[in-house]
Amino acid sequence: MSFSFQSIAPDTAVVRIGKALDFRNAAEFKSACQDHIQEGTRNFVLDFSGTGILDSTGLGAIFSLYRQLTPLGGQVVFAAVSRPVQVVVQLTRTYKVFRQYPTVEAAHEQLQGRTASGSRAGAA
Amino acid sequence: MSRHSLLIVEDNQTLRRLLEYRLGKVYEVRSAQNGEEALVLVEESIPDLIVSDIMMPKMDGFALFSLLRQGERTRTIPFIFLTAKTDDTSRFKGLGEGVDDYITKPFDIEFLLTRIERILERIEVHQQQLSARIGRDFSDRLLPKSMPQVPGYRTFFYNKPFGDGGGDLFDWTEVRPGSYLFTVGDIMGKGLQAKFYAFSFLSYIRSTIHAMLEQTDSPAKLMHRVNEMLVRDELLEETFASLLIMRWDTETNTITYANAGHCRPIFVTPDRSGIVEHSELILGLDKQEEYTDRSFQLPPGSALITYTDGLIEQVAENGEQFGEKGVAASATEALSTDQPVQALLKTLLRRSAEPRFSDDILVFWLERQPVGESADVPPATPATTAA
């Protein structure tokens with residue numbers, strides 16, 4: 001299983017996490033993100049819709065990405081955070097570091113510097 | 001799991017192509033036409049196994065084998081020789097130990113595949129046993145041999161690793177008479193690697209505490225320092241950890257703690273149990289993060305439970321993880337029993353989807369024994385969420 005990346009701006013990509021990000025596929029996630037960073041991606045929107053499992057190895061992979069991007073002026077934001085993912089985020093208090101958006105579109109608009117007010121259905 | 005890598009060394013092009021094709025269906029295959037070429041490929045990356053012809057131009061199979069046996073990193077690569085009827089097989093004896101197999105041409109490729117599979121399986125089992133042994137050794141060192149003994153209190157520690165286990169750690173030290181500092185943490189990641197990082201990290205924590213105790217015994221200040229080191233240190237760059245540092249002052253029955261994204265402790269009284277609220281960002285992400293101390297008192301007959309994520313990630317009957325609330329809800333009836341940790345685990349298992357735990361389990365139970373009549377003013381209990 002692989003992660004799908006979609007470029008929504010020259011330096012911004014949406015990553016669909018899918019069912020799980022855990023010790024089984026965290027290495028794959030990391031190397032896929034590396035490829036995109038090589039190609040100039042600086043902002044990652046992680047789409048967690050329908051994600052049932054985020055374990056500590058998976059979260060660690062996201063942290064590595066964050067630590068790498070911060071000095072480059074990049075961002076990692078979360079979109080459509082599912083309940084199981086929200087539990088992990090609350091537990092580790094990482095909502096302080098990763099901004100959350102109700103939808104990928106809302107995240108995109110924010111990253112583009114526009115306001116999220118007038119956004120499409122679903123964004124609050 | 002990644003596929004095993006094989007190196008085929010064969011000068012006959014037809015046979016080489018055939019082997020590439022058939023073995024390539026199961027393994028990552030590279031190929032060389034002679035020993036010299038093979039050496040270059042081994043230098044690039046070490047294969048899991050080599051299948052080599054004997055008679056080849058430039059460097060034959062025997063020469064390749066002997067050279068690899070001299071290299072520190074290449075000495076143990078399993079080797080299968082493909083021999084022609086005319087080859088002098090007596091020479092194998094001269095090679096001594098280490099030739100894992102030889103197969104006489106013409107051979108059945110299924111036969112070769114079976115041999116390869118068997119050798120790789122054997123190695124894998126061996127490696128797993130070795131990992132498990134190293135893992136256990138790390139675990140032993142990451143966990144305490146004894147618990148503080150304090151009149152008026154009962155302490156229980158329980159740990160059961162699952163498989164190779166992960167990066168759970170637990171440690172305590174008496175900072176001055178009657179005052180104890182506990183660290184409970186979880187290094188992100190699985191298996192031996194997490195264990196190794198947990199081990200290095202624990203050494204960091206210990207030395208930090210040791211070095212700073214002259215100036216402070218504040219969990220928050222210690223936490224701040226540990227976090228700074230973790231963010232700065234290149235060796236631990238990929239290490240992230242949740243950590244709870246907790247000071248227990250037995251004279252005043254006070255607990256002072258700072259929590260960096262670790263599962264929150266559970267406070268249990270005969271009437272209710274709740275989650276000890278306060279927590280801050282997990283370690284290793286942000287150097288600027290400020291950690292703060294919180295204090296509360298343990299009244300007689302109450303207990304404090306600290307643990308790692310194996311408990312809260314356990315799946316309950318309803319298909320959802322227990323979470324901190326689920327653990328808290330199972331804690332009250334364990335209070336004041338002979339073996340409260342066992343009682344808690346038993347209750348959790350009874351409410352689990354599967355009758356066993358599927359991760360490392362680590363629990364520390366600190367209980368203040370009930371006293372008779374007490375003239376104490378009501379103590380300041382911790383801010384908790386009712387379960």
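## Chain B at a glance

Two residues are in contact if their C-beta atoms, placed from the backbone, lie within 7 Å. Keep that in mind as you look at chain B of this predicted model. Among the contacts in chain B with a separation of 6 or more, 66% are between residues 24 or more positions apart.

Chain B has ten helices and 16 strands. Its radius of gyration is 29 Å, well over the 21 Å that the globule rule gives for 387 residues, so chain B is more spread out than a compact globule. Taken along the principal axes, the box filled by the C-alpha atoms of chain B is roughly 100 × 45 × 35 Å. How many of the 387 residues of chain B count as buried, as a percentage? The figure is 37%.

## Where the chains touch

Now turn to the place where chain A and chain B come together. Chain A brings 15 residues to the contact, and chain B brings 18 residues. On the side of chain A that touches chain B, the elements giving two or more residues are helix H2 (56-69) and helix H3 (83-92) of chain A. Which element gives the most to this side? That is H2(A), with seven residues.

Sorted by class, the side of chain A that touches chain B holds seven nonpolar residues, six polar ones and two charged ones.

## Backbone details to look for

Most residues other than glycine have a negative phi, and most peptide bonds are trans. Here are some that go the other way.

In chain B, Lys105(B) and Pro106(B) are joined by a cis peptide bond, with omega about -5°. You can find Pro106(B) in the loop between strand S5 (99-104) and helix H5 (109-142) of chain B. Further along chain B, Ser336(B) is a residue other than glycine with a positive phi, near 65°. Ser336(B) sits in the loop between helix H9 (323-329) and helix H10 (340-350) of chain B.

Chain A has a residue of this kind too: Ala80(A), not a glycine, has a positive phi near 50°. Ala80(A) belongs to the loop that runs between strand S6 (75-79) and H3 of chain A.

Are these two residues buried or exposed? Ala80(A) has 23 C-beta neighbours inside 10 Å, so Ala80(A) counts as buried, the cut-off being 20 or more. Ser336(B) has 16 C-beta neighbours inside 10 Å and therefore counts as partly exposed.

Technical notes:
Residues are numbered from 1 along each chain as its sequence is written. Chains are lettered from A and ligands numbered from 1 in the order in which they are written. This is a predicted model: local features need pLDDT of at least 70, side-chain atom pairs count only at pLDDT 80 or more; totals for chains, interfaces and linings use all residues. Helices (H or I, at least four residues) and strands (E, at least two) are DSSP runs, numbered from the N terminus. Ala, Val, Leu, Ile, Met, Phe, Trp, Tyr, Cys and Pro count as nonpolar, Asp, Glu, Lys and Arg as charged, and the others, Gly among them, as polar. The radius of gyration is taken over C-alpha atoms; the globule rule is 2.2 Å times the number of residues to the power 0.38. A residue is buried if 20 or more other C-beta atoms lie within 10 Å of its own, exposed if 12 or fewer, and partly exposed in between; C-beta atoms are placed from the backbone.
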